[in-house]
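Reader: I have a new structure open and would like to go through it. Can we start with the strands and then move to the domains?

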Amino acid sequence: MENVVIAGSGPAGLTAAIYTARADMTPLVLEGPIPGGQLIVSNEVENYPGFTEPISGIELLEQFRKQAERFGSRFKSESVEKVKRRDDIFEVSTGSQTITTRSLIIATGAQARRLPIPTERKFYGKGVSGCATCDGAFFRDKEILVVGGGNTAMQDAVFLTRFASKVTIVHRRDYLRAAVIEIERAKKEPKIEWMIPRIVEEILGNDSVTGTILRNPQTNQEHRIQCDGIFVAIGHDPQTKIFNGLVKTDENGFIQVEAGSTRTSMPGVFACGDVRDLVYKQAVVAAGHGCMAAIDVKHYLERKG
Ligand SMILES: Cc1cc2nc3c(=O)[nH]c(=O)nc-3n(C[C@H](O)[C@H](O)[C@H](O)COP(=O)(O)OP(=O)(O)OC[C@H]3O[C@@H](n4cnc5c(N)ncnc54)[C@H](O)[C@@H]3O)c2cc1C
């Protein structure tokens with residue numbers, strides 16, 4: 001019987017592991033399909049506190065993991081496939097075994113939605129990004145595209161005008177989903193141009209992005225435009241399908257937690273990191289949530305005796 005199983009090995013899961021291990025709970029971390037989480041694709045992380053020089057995502061998460069191991073965290077390269085509650089105990093099934101645990105921390109993250117074209121994958125991290133807060137500063141005096149028509153796309157576009165010489169908003173429909181106030185803010189910004197309705201057909205470049213081919217879906221006319229970067233802001237998919245029925249989620253699948261805590265609707269199950277974060281989606285925030293989850297688990301297990 002485990003005290004605590006942690007699903008996910010990104011900044012949230014690994015921080016939860018550090019704290020629960022230091023509190024003598026010997027956590028078991030199920031690493032999932034991406035050991036280290038989504039940050040491992042980033043070559044340069046410049047905003048994680050404590051590192052004066054840029055550090056790669058892989059190196060940063062390796063440090064997290066070593067720290068968690070030092071205090072006795074255990075790791076399995078398996079994914080949670082199903083969770084069943086029996087009285088106060090949870091049965092966590094992976095492909096190969098069923099683990100019983102007194103508590104569960106869900107830290108399975110949220111994946112940024114991607115454009116369905118092969119060149120988007122080729123240039124991801126080489127000019128294509130899913131995170132304006134993380135990568136905006138790398139595009140000083142450059143021309144960039146923001147793809148999307150929701151609030152995040154509008155906010156990202158306005159934010160990116162601090163760095164870029166020109167920001168073009170590209171959206172596949174001729175209307176925007178974003179709130180009127182966000183659209184108005186973007187419309188007032190002189191550096192922002194609009195390409196609506198347009199679909200990104202192809203991303204051009206050799207080692208990095210140099211341009212794109214856009215298609216107007218109403219006329220089918222294609223044209224090339226030059227740009228140095230493309231920010232994809234078409235939403236996130238929280239990795240929570242397997243927890244349906246166990247904990248409450250919002251309409252987009254993000255896990256709902258009690259305000260100011262990591263407690264979910266199911267006693268004994270806690271959620272931390274991007275999987276419950278509608279707003280910030282940053283490694284340092286995910287790590288902070290991981291710490292909170294560990295403390296919440298400690299209190300929960302103490303109350304259970
Ligand atoms: C390209 C890019 C650059 C970024 N740059 C920065 C930056 O510079 N600074 C910054 O602060 N943030 C940055 N971010 C955001 C940051 O990566 C995330 O906010 C952070 O990783 C969220 O941490 P997390 O632990 O909640 O989730 P994730 O990092 O997404 O980790 C989720 C974990 O859950 C696991 N998992 C998934 N399904 C299962 C399952 N069924 N069972 C078990 N485990 C499972 C995965 O294997 C993974 O280990 C960037 C993101 C991207 C994509």
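Reader: In which sense do strand β9 and strand β15 pair, and over how many bridges?

Author: β9 (residues 143–147) and β15 (residues 229–232) pair in the parallel sense, over four bridges. Strands are DSSP runs of E with at least two residues, numbered from the N terminus, and two of them pair if DSSP finds at least two bridges between them. This is a predicted model, where local features need pLDDT of at least 70, side-chain atom pairs count only at pLDDT 80 or more, and totals for chains, interfaces and linings use all residues. Residues are numbered from 1 along each chain as its sequence is written, and side-chain values use heavy atoms, with hydrogens and water left out.

Reader: What stands opposite I144?

Author: G229 in β15.

Reader: And what is the strand order in the open sheet?

Author: The order of the five strands is β8-β15-β9-β10-β11, with parallel pairing. β8 (128–129) and β11 (192–195) are at the edges with a single partner strand each, so one side of each has no neighbour in the sheet.

Reader: Changing topic, where are the domains?

Author: Domain 1 covers 2–111 + 236–304 and domain 2 covers 114–232; the bounds come from an automatic or database domain assignment. Their centres, taken over C-alpha atoms, are 32 Å apart.

Reader: How many residues take part in the contact?

Author: Five from domain 1 and five from domain 2, contact being heavy atoms within 4.5 Å.
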